[in-house]
Amino acid sequence: MALEFASRKETFPNYRKYETTFAGRPFIVETGKMCGLSNGSAMIRYGETCVLCNVTMSEKPRDGIDFFPLSVEFEEKLYAAGRIPGSFMRREGRPGEHAILNSRVVDRPIRPLFPKDMRNDVCVTMTVMSMDPDNSPEIAGMNGASLAIAMSDIPWRGPIGGIQVGLVDGEIVLNPTYEQRQKSDLALTLAASEEKIVMIEAGANEVDEDTMMAAIKAGHAEIKKMLAFINSIVAEIGKPKADFPSMDLDHDLLADVKARHLDQFKAAMDTDDKNVRDAALLPIMDEIAAEHPELDAATLDYVSYKMQKQVVRRWLLDEGKRVDGRGINEIRPLAAEVGILPRVHGSGMFTRGQTQVLTICTLGSTKDAQTMDDLSDTPLKRYIHHYNMPPYSTGEARAPRSPGRREIGHGALAERALIPVLPSMADFPYTIRCVSEVLSSNGSTSQASICGSTLALMDAGVPIKAPVAGISCGLITEGDRWMTMLDIQGVEDFHGDMDFKVGGTRRGITAIQMDIKIDGLTYEIVEEALEKCRKGRLFILDEIIKPCIAEPRAELSKYAPKMFSMQIPVDKIKDVIGKGGKVIQDLCATCNCKIDVEEDGHVFISAIDADDAKRAISTIKTIVEDPEIGAIYKGRVTRLMNFGAFVEIAPGKEGLVHISKLDDHRVERVEDVVAVGDPVFVMVTDIDQQGRINLSRKDALAAIAKKRAAQNK
């Protein structure tokens with residue numbers, strides 16, 4: 001019986017391929033061939049980077065929740081870079097830090113554009129299947145996710161487009177290549193709609209505000225071209241948007257609660273103490289629950305949210321009043337301390353109102369650097385910043401759990417803000433870890449962790465180029481009306497429209513992260529937020545951090561390892577390491593130190609006692625350099641012969657002390673003076689043509705005695 005099969009055209013009747021140029025490189029979209037059961041799907045090819053983007057939506061809304069359940073996943077497959085995972089299982093496990101940060105970068109611009117009253121689960125998945133280092137998979141994924149949602153039947157007010165912007169030799173570069181990223185002074189990831197900026201994520205080497213705005217505008221101009229391309233595809237193959245059951249509060253219910261309890265909510269909200277405010281709201285909610293027994297817990301929470309939002313926004317927009325009574329551009333009370341924990345290498349605590357962060361700095365050897373088993377540009381991370389926010393920091397009564405996406409994101413933001421001011425490995429050969437412990441949280445803990453980390457680094461004696469401070473700016477909008485306020489606390493963040501976080505030095509910006517809940521920001525809003533954050537940052541640096549600790553401590557903590565570095569010839573590395581690592585292991589044990597040898601011949605020695613490290617350096621020099629005639633070494637007797645003793649002056653280097661050179665008098669038997677294992681001082685007297693070393697204990701003792709006599713005089 002003959003087999004029949006459909007032609008390729010019949011198998012993929014909906015297959016389409018679209019091409020454009022994005023930042024000077026080919027950008028290709030393929031759809032209709034893969035993932036036919038997704039609500040929207042596209043394979044994005046940017047250069048040789050391939051990212052498969054899918055979006056799906058549940059048929060029914062989820063019950064008992066008061067939020068839109070969106071999940072955004074950025075999946076890194078190591079086969080994309082031709083690598084096998086390093087885990088025991090040899091397969092990808094939970095998302096790594098790099099993947100989580102990329103998920104957040106895509107989540108932030110797309111989330112505000114979904115209907116706020118929708119409760120259907122929506123899942124956006126970007127799978128990196130091939131990676132070309134010159135073409136960012138994050139940008140391919142962001143634009144692909146935007147296209148997949150826009151052409152699906154899922155309700156959404158997109159599309160948005162994304163781009164990376166660099167600053168190379170003072171010139172703005174769009175979607176920089178791998179080589180350009182390595183020398184760029186700016187790493188800006190930007191998302192935007194046709195008219196507004198939707199998301200900013202940036203790291204920078206002290207870039208000024210004007211240059212940052214120029215980069216944002218240049219990136220936005222290129223994004224508009226991508227949006228025109230996406231819209232043309234949607235116009236051709238986009239699906240009609242589906243209806244969904246609105247889960248917003250009943251208008252009559254909200255009107256009734258407002259009429260009965262608005263004044264009570266105003267009285268409860270009129271305090272700068274989060275605990276007092278939360279306690280005052282409890283009896284009000286008990287009254288509402290009694291009046292409306294049909295409401296479940298999730299709906300009651302949503303009622304409380306809506307009422308608090310009404311109060312906060314009306315106060316700010318209509319009266320210019322803040323919940324805690326501050327001025328619009330007034331920063332909460334500030335405090336800074338260092339040297340809080342005696343046994344750690346460095347510690348600093350920064351307090352801003354009810355937000356308080358304690359950062360601990362730990363110094364380690366180069367071997368302590370973190371190996372990155374992901375698709376990031378950097379295989380090793382020398383500066384590590386971790387952020388922990390335990391439940392007690394918000395007054396919650398529950399056990400701590402492992403860090404979530406928020407903790408990872410805040411740690412990465414602080415890390416990015418401080419990297420530009422760290423000394424180079426050549427100048428300060430340490431791995432550095434800072435851990436920010438949030439002790440109390442009422443807004444802007446990520447920016448407090450930047451300030452606390454600056455304090456901890458200087459307390460540890462890390463020679464940073466300049467102190468870094470961080471502060472945030474909020475936003476309230478209503479139609480064409482808008483206003484910004486400096487240093488937002490938790491309730492203003494929760495009920496406001498923006499959290500614009502900026503870290504930097506006196507010279508310029510080192511990090512930005514912008515979260516918004518609206519459809520975007522105009523240039524005017526971005527410029528005002530940057531300027532307010534600049535002024536706030538300078539105030540913190542000059543009035544709080546500088547009086548606390550003006551510059552890094554001159555000496556490291558006595559509990560910190562003392563690090564030294566040296567360069568040896570590459571062909572001598574094997575001599576320092578020894579067969580099976582014997583030489584270097586013995587050296588570490590003898591000198592009570594750690595030794596790291598790099599492939600290029602750089603050697604890093606660390607020890608708690610600097611004298612131990614110096615002994616190791618001296619021994620390594622002896623191993624790699626030919627012994628100098630007249631030099632004195634402290635060696636160890638390895639063998640005894642009738643005619644003398646063999647002494648090892650360095651691992652693998654041995655010389656003969658003839659019996660006539662053992663002491664300043666005639667020696668009958670070698671055993672009368674030394675034994676195997678004895679430490680002895682010897683002087684190099686001769687090296688013959690075959691490289692054999694002749695030593696003298698007698699001359700070494702005489703030279704040492706002469707030196708001591710001179711010192712005593």
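Guide: Let us start with a term: contact, or touching, means heavy atoms within 4.5 Å. The model here is predicted, so local features need pLDDT of at least 70 and side-chain atom pairs count only at pLDDT 80 or more, while totals for chains, interfaces and linings use all residues. Residues are numbered from 1 along each chain as its sequence is written, and side-chain values use heavy atoms, with hydrogens and water left out.

Visitor: Which residues does F500 touch, not counting residues up to four places away in sequence?

Guide: The partners of F500 are I200, I471, S472, C473, I512, Q513, M514, V526, A529, L530 and C533.

Visitor: How do I read a nonpolar core, and how many residues does the largest one have?

Guide: In soluble globular proteins, nonpolar side chains tend to be buried together. Buried means under 20% relative accessible area, exposed means over 50%, and partly exposed is in between (1.4 Å probe, protein chains only). A nonpolar core is then a set of buried Ala, Val, Leu, Ile, Met, Phe, Trp, Tyr and Cys residues joined through side-chain atoms within 4.5 Å. In this model the largest has 129 residues, and F500 is among those with the most contacts inside it, along with I110, F114, I200, I432, L457 and V462. Apart from that core lies another of 27 residues, including L262, W315, L317 and V323.

Visitor: What share of the protein chain is buried?

Guide: Buried residues account for 51% of its 713 residues. As for contacts with a separation of 6 or more, 70% are between residues 24 or more positions apart.

Visitor: Which residues does UniProt list for "binding site"?

Guide: The unreviewed entry lists D493 and D499. UniProt positions are given in the numbering used here, feature names are shortened, and annotations may be inferred rather than shown by experiment.

Visitor: Is D499 buried or exposed?

Guide: D499 counts as buried because its relative accessible area is 8%. By contrast, D493 is partly exposed, at 25%. Leaving aside neighbours within four places in sequence, D493 is in contact with D499, as well as with I488 and K517.

Visitor: Where do D493 and D499 lie in the secondary structure?

Guide: Helices (H or I, at least four residues) and strands (E, at least two) are DSSP runs, numbered from the N terminus. D493 is in helix 11 (residues 490-495), and D499 is in strand 20 (residues 498-504). The protein chain has 16 helices and 29 strands.

Visitor: Which strands does strand 27 pair with?

Guide: Strand 27 (residues 653-658) runs antiparallel to strand 26 (residues 644-650), joined by 6 bridges, with L656 as the bridge partner of F646. Their hairpin has 2 residues between the strands, and G652 takes a positive phi near 85°. Strand 27 also runs parallel to strand 29 (residues 693-696), with 3 bridges; there V657 stands opposite L695.

Definitions and conventions:
Pairing = 2+ DSSP bridges.
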